[in-house]
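Here is a brief report on one protein fold. It covers the sheet, the helix and the confidence of the model.

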Amino acid sequence: MSVRAKFMCSGKEGTTVFFHTVFSEDIQSEDGRFTKATPWGELRMNVDNPNAAIQFEPGKMYYLDFSPAS
């Protein structure tokens, strides 16, 4: 089992990165397909590693994959 969601980075404050799921009423677009088929919500995560933190840019989209942990 796995589920993929699509999130947009909505901002950064210090070491905290904020995300929200994408939304589109256009079901023909990728964003519209994610709107209908996957979870929605917000994500806030703390990233202490500066090299990892710079990977996340406000306004850019990211996939988040959920799969069972052993």
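Contact here means heavy atoms within 4.5 Å. Angles between axes run from 0 to 180 degrees, taken between N-to-C directions. The model is predicted.

**Helix on sheet.** Helix α1 (residues 30-37) lies across β1 (3-13) and β4, at about 105 degrees to β1. Its buried residues pack against these strands, β1 and β4. Asp 31, Gly 32 and Phe 34 are buried in α1. Viewed down the axis of α1, the buried residues fall within an arc of 160 degrees, so they line one face of the helix. The face turned away from that buried side carries Lys 36 and Ala 37, both exposed.

**Sheet.** The sheet is open and has four strands, in the order β3-β2-β1-β4. Pairing is antiparallel. The edges belong to β3 (42-46) and β4 (61-66). Each has a single partner strand, so one side of each lacks a neighbour in the sheet. From one strand to the next, the twist averages 35 degrees. Strands β2 (residues 16-21) and β3 pair over five bridges, in the antiparallel sense. His 20 has Glu 42, in β3, as its bridge partner.

**Confidence.** The average pLDDT of the protein is 90, and 100% of the residues score at least 70.

Note on methods. Residues are numbered from 1 along each chain as its sequence is written. This is a predicted model: local features need pLDDT of at least 70, side-chain atom pairs count only at pLDDT 80 or more; totals for chains, interfaces and linings use all residues. Side-chain values use heavy atoms; hydrogens and water are left out. Two strands pair if DSSP finds at least two bridges between them. Helices (H or I, at least four residues) and strands (E, at least two) are DSSP runs, numbered from the N terminus. pLDDT is the predictor's confidence in each residue, from 0 to 100. Buried means under 20% relative accessible area, exposed over 50%, partly exposed in between (1.4 Å probe, protein chains only). The arc is that of the directions from the helix axis to the C-beta atoms.
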